[in-house]
Amino acid sequence: MQHILEAIQSGASGDDIAALTIPESYRAAFVLREETGMFEGMASADKDPRKSLHVDEIATPELAPDEVYLAVMASSINFNTVWTSIFEPLPTFGFLDRLARESEIAKRHSQPFHVVGSDASGVVLRVGEAVRNWKPGDRVTVHCNHVDSQDHSAHNDSMLANNQRIWGFETNYGGLADLSVVKANQLMPKPTHLSWEEAAVNALCNSTSYRMLVSENGANMKQGDSVLVWGATGGIGGYAVQYVLNGGGTPIGVVSSAERAQLLNDMGVEAVIDRKAEGYQFWSDEHTQDESEWRRFGKKIRELTGEDPDIVFEHPGRSTMGASVFAVKRGGTVVTCAATSGYMVEFDNRHFWMKLKKLISSHFANYEEAWAANKLIDQGRIHPIMSDVFTLDQVGEATLAMHHNQAEGKLGVLCLAPEEGQGIDDAEKRDRIGEDNITRFRTR
Ligand code: NAP
């Protein structure tokens with residue numbers, strides 16, 4: 001891949017890039033099918049992604065007509081990399097095998113390895129013969145919604161497509177690699193003021209938060225709404241609070257340390273709850289929730305903002321869903337996209353129906369939503385929340401940090417980019433948007 005990196009760094013033209021040889025193999029981070037049983041019987045927290053994630057050469061797959069080869073300059077760690085690497089709730093090879101049954105070209109996806117990663121920034125190297133809007137040399141970011149445009153069900157909201165998948169989680173050849181195959185309808189222009197790694201960390205979490213809060217497919221937040229955000233300095237939470245501030249609402253950010261509370265204050269969030277310091281015990285034992293703790297939590301929110309939240313941005317799942325449904329205001333909306341602490345959730349239905357509350361499920365974002373979220377990054381209205389940067393060889397370490405809730409915001413990963421800070425196309429715009437805004441999480 002060295003000749004590709006040199007061409008990109010020297011500012012080679014699109015024609016020159018189109019003439020570069022695509023290597024027969026490339027470096028990638030993957031889990032192995034033969035190792036899916038390696039953590040059997042262990043507690044989740046003890047499953048170590050450094051043992052299951054490997055970085056090595058894999059054979060370059062064939063290109064489908066609607067795909068591009070992408071030189072991946074940088075990528076990021078997402079929670080789905082944690083799930084894949086600890087083989088929970090189930091190994092991801094079943095997803096790849098199912099995809100492989102869909103068509104001749106899809107057979108590529110079923111392999112002894114699964115290349116992970118659902119974010120990327122990079123440069124288009126080659127386009128398949130059916131690709132219209134992109135060309136070699138284009139500098140792009142990638143969203144992870146993998147849809148089959150020939151399926152009728154993909155043509156209202158593509159997240160409702162029968163065979164909608166997340167690239168790099170439910171497909172092979174993901175972004176934690178030096179090269180990737182990506183559908184043309186996953187591409188978006190790279191924000192011009194950001195480095196490769198700053199541009200790579202946004203798409204998955206930023207688009208997810210956009211759909212959950214801003215889109216009419218989600219909570220459809222209005223100006224003036226108060227929004228409780230769990231994990232408010234985490235991957236999706238760190239974008240969610242920005243959407244609330246940007247949209248004229250009042251965020252109430254929940255975090256688990258004084259440092260994270262300070263980070264929220266620095267972002268302009270005034271109402272902050274340190275859940276650790278408050279010591280909430282929503283579950284008194286494995287089977288029983290404690291309504292008095294829900295009440296104590298609700299009272300704290302009222303003390304901070306004078307009202308119950310219009311929207312709760314929910315993702316921890318089992319540990320918090322009961323409290324979220326209780327705390328949201330009469331007629332308000334809980335919007336959920338995940339269940340980090342457990343997916344068998346429980347809430348008191350009496351509080352739900354008697355107060356006419358709503359529960360909305362959300363999952364990633366369609367192309368239009370991802371595009372809108374990317375545009376807001378490009379305009380400098382929403383900022384990357386990258387707190388640290390790793391090399392591809394350190395992918396296991398980075399995934400472990402996320403698994404153990406030790407990282408704020410997003411973790412960037414350098415793939416082909418040899419060092420941080422490269423790829424900024426518009427330094428003047430960067431100055432205008434402000435280094436402090438762009439690197440707020442990075443400098444801590
Ligand atoms: P993250 O960066 O690890 O952040 C999660 C935050 O949640 C943490 O910072 C933590 O904040 C908080 N948290 C963790 N366990 C908690 C608990 N038991 N109770 C209360 N808060 C808890 O992860 P992320 O990228 O934001 O992702 C969060 C979840 O959303 C993951 O399960 C991920 O798989 C899912 N997700 C789903 C989609 C989708 O499209 N459906 C997209 C992105 C992410 P504090 O400790 O500071 O409170």
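1. Y173 lies in the loop between strand 8 and strand 9 (179-183). The model is a predicted one. In this model, phi of Y173 is near 60 degrees, a positive value in a residue other than glycine. Most residues other than glycine have a negative phi. Y173 counts as buried because its relative accessibility is 2%, and the cut-off for buried is under 20%.

2. F364 also calls for a look at its backbone. The residue is found in the loop between strand 18 (358-361) and helix 14 (367-378). Phi of F364 is near 20 degrees, which is again a positive value in a residue other than glycine. With a relative accessibility of 3%, F364 counts as buried.

3. The next point is a peptide bond. E88 and P89 are joined by a cis peptide bond, with omega at about -10 degrees. Most peptide bonds are trans. As for its place, P89 sits in the loop between helix 4 (79-86) and helix 5.

4. Helix 5 spans residues 93-100, and its buried residues are F93, F95, L96, L99 and A100. Why can these buried residues be said to line one face of the helix? Seen down the axis of helix 5, they fall within an arc of 155 degrees, so they line one face.

5. What covers the buried residues of helix 5? The cover includes strand 1 (25-32), strand 4 (113-115) and strand 8 (165-166).

Definitions and conventions. Residues numbered from 1 in each chain as written. Predicted model: local features only at pLDDT ≥ 70, side-chain atom pairs only at ≥ 80, totals over all residues. Heavy atoms only, no water. Buried < 20%, exposed > 50% of the residue type's maximum accessible area, 1.4 Å probe, protein only. Helix = DSSP H or I, 4+ residues; strand = E, 2+ residues; numbered from the N terminus. Arc of directions from axis to C-beta. Contact = heavy atoms within 4.5 Å.
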